[in-house]
Protein chains: 2
Amino acid sequence: MNTTAPRGNADELLDLTGLNGKVGYLLRRAQIAVHGEFTDLLRELKLRPGQFAVLRLIGNNPKLTQSKVCVALGIQRANLVGVIDELERRGLLGRTTSDADRRSNCLQLTSDGHRVLARSTELQERHEAAIGRSLGAGGYAELLRLLGKLVD
Amino acid sequence: MNTTAPRGNADELLDLTGLNGKVGYLLRRAQIAVHGEFTDLLRELKLRPGQFAVLRLIGNNPKLTQSKVCVALGIQRANLVGVIDELERRGLLGRTTSDADRRSNCLQLTSDGHRVLARSTELQERHEAAIGRSLGAGGYAELLRLLGKLVD
DNA sequence: TATTGTTATACTCTATAACTATA
DNA sequence: TATAGTTATAGAGTATAACAATA
């Protein structure tokens with residue numbers, strides 16, 4: 001994450017009406033902060049949060065096709081291609097043409113992919129634990145509940 | 001649905017462990033959903049959420065300089081230039097060289113800028129009200145509180 | 001020397017259309 | 001006809017470096 005960018009939480013003399021008290025704006029600022037922290041944590045693996053989500057999903061669901069990954073993660077088919085290309089180039093997963101439907105690629109993690117997924121999952125759990133400490137256990141659970149409603 | 005499909009994973013049957021139960025992931029999905037809804041609402045004004053934030057901040061704080069906008073909103077000076085260029089080209093605000101410090105531009109909304117800000121603020125209120133209905137009044141307030149902690 | 005606004009540049013993420021090979 | 005993967009491309013958003021004018 002960028003460390004020299006202004007964070008914008010210092011100037012208390014400005015009138016932030018219409019921004020600070022709105023879910024739309026605070027959700028964006030919070031997401032940027034949390035995403036940036038996770039990006040920093042994953043740097044040791046040269047993995048970005050979006051790549052982690054793909055590894056996690058395929059690790060959970062071997063032989064998943066690219067289309068199904070896209071539906072599950074809410075991304076475009078065309079944009080997944082490059083992500084899979086890079087993870088495959090790095091030897092973290094493999095494409096195999098499906099026997100049942102030769103249009104589809106079955107995706108599977110390699111042993112290196114499983115190792116990277118295990119390490120990144122540790123980092124994610126550390127990250128979530130830090131969030132939990134700043135929100136309190138009740139706040140963490142309540143935030144999950146409320147965010148879940150927004151995603152629907 | 002083909003009943004002979006062997007290990008095809010239906011979308012509802014996917015294992016989303018490590019994604020759905022994590023604040024990092026749900027925060028991202030929720031932010032994308034909410035940001036997209038606000039983007040749709042603002043379309044009638046040909047205004048994007050980031051431009052709205054700039055108009056809102058300058059409307060609240062006349063004569064603000066570009067650097068101060070950047071600190072308040074957490075964006076880069078270099079990236080604000082184009083945003084201000086476009087809003088100025090559309091006649092929504094004006095730059096004036098500061099008397100006190102001739103390096104700085106004082107930013108001020110035009111009457112058109114105030115009109116667009118007023119209308120977009122109405123749209124934002126409608127958007128936030130819809131969020132409030134889906135979360136409940138208590139949930140909405142609690143979400144604001146929790147997101148505020150994450151932004152710190 | 002430091003800061004403000006600016007230009008240039010690059011990289012990521014996202015969105016759409018069109019192609020191919022399969023179904 | 002429809003779908004899976006792919007290519008190409010364009011638009012946002014964001015990051016860094018460097019420069020001129022000014023402090």
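This is a predicted model: local features need pLDDT of at least 70, side-chain atom pairs count only at pLDDT 80 or more; totals for chains, interfaces and linings use all residues.
View 1. B:Asn105 contributes through its backbone, with an N or O atom that lies 3.0 Å from a phosphate oxygen of DNA strand C. The elements that supply two or more residues to the surface near DNA strand C are helix H4 (77-89) of chain A and, from chain B, helix H3 (66-73) and helix H4 (77-89).

**View 2. The protein surface near DNA strand C.** Among the 18 residues around DNA strand C, those that come nearest are A:Asn79, B:Arg28, B:Gln66, B:Ser67 and B:Arg103. H4(B) gives the most to this surface, with three residues. Sorted by class, the surface near DNA strand C holds eight charged, seven polar and three nonpolar residues.

**View 3. The salt bridge between chain B and chain A.** Across the interface of chain B and chain A, the rule finds one salt bridge; in it the side chains of A:Lys22 and B:Glu125 meet, with an N to O distance of 3.3 Å. Across the interface of these two chains, the rule also finds 17 residue pairs in polar contact, with both residues of a pair at pLDDT 80 or more.

**View 4. The side of chain B that touches chain A.** Helix H1 (23-42), helix H2 (49-60), H3, helix H5 (111-135) and helix H6 (137-151) of chain B each provide at least two residues of the side of chain B that touches chain A. The largest share of that side, twelve residues, is supplied by H1(B). By class, the residues of the side of chain B that touches chain A comprise 29 nonpolar, 16 polar and twelve charged.

**View 5. Extent of the interface between chain B and chain A.** In this interface, 57 residues of chain B are in contact with 59 residues of chain A. The two chains bury about 5,300 Å² between them, and carbon and sulfur atoms carry 67% of that buried area.

Note on methods. Residues are numbered from 1 along each chain as its sequence is written. Chains are lettered from A and ligands numbered from 1 in the order in which they are written. Side-chain values use heavy atoms; hydrogens and water are left out. A residue is near a molecule or strand if one of its heavy atoms lies within 4 Å of it. A polar contact is a pair of N or O atoms within 3.5 Å; within protein, one must be able to donate a hydrogen and the other to accept it, and residues adjacent in sequence count only if both atoms are side-chain atoms. Helices (H or I, at least four residues) and strands (E, at least two) are DSSP runs, numbered from the N terminus. Ala, Val, Leu, Ile, Met, Phe, Trp, Tyr, Cys and Pro count as nonpolar, Asp, Glu, Lys and Arg as charged, and the others, Gly among them, as polar. Contact means heavy atoms within 4.5 Å. Buried area is the accessible area (1.4 Å probe) that two parts lose on being put together, summed over both. A salt bridge is a side-chain nitrogen of Lys or Arg within 4 Å of a carboxyl oxygen of Asp or Glu.
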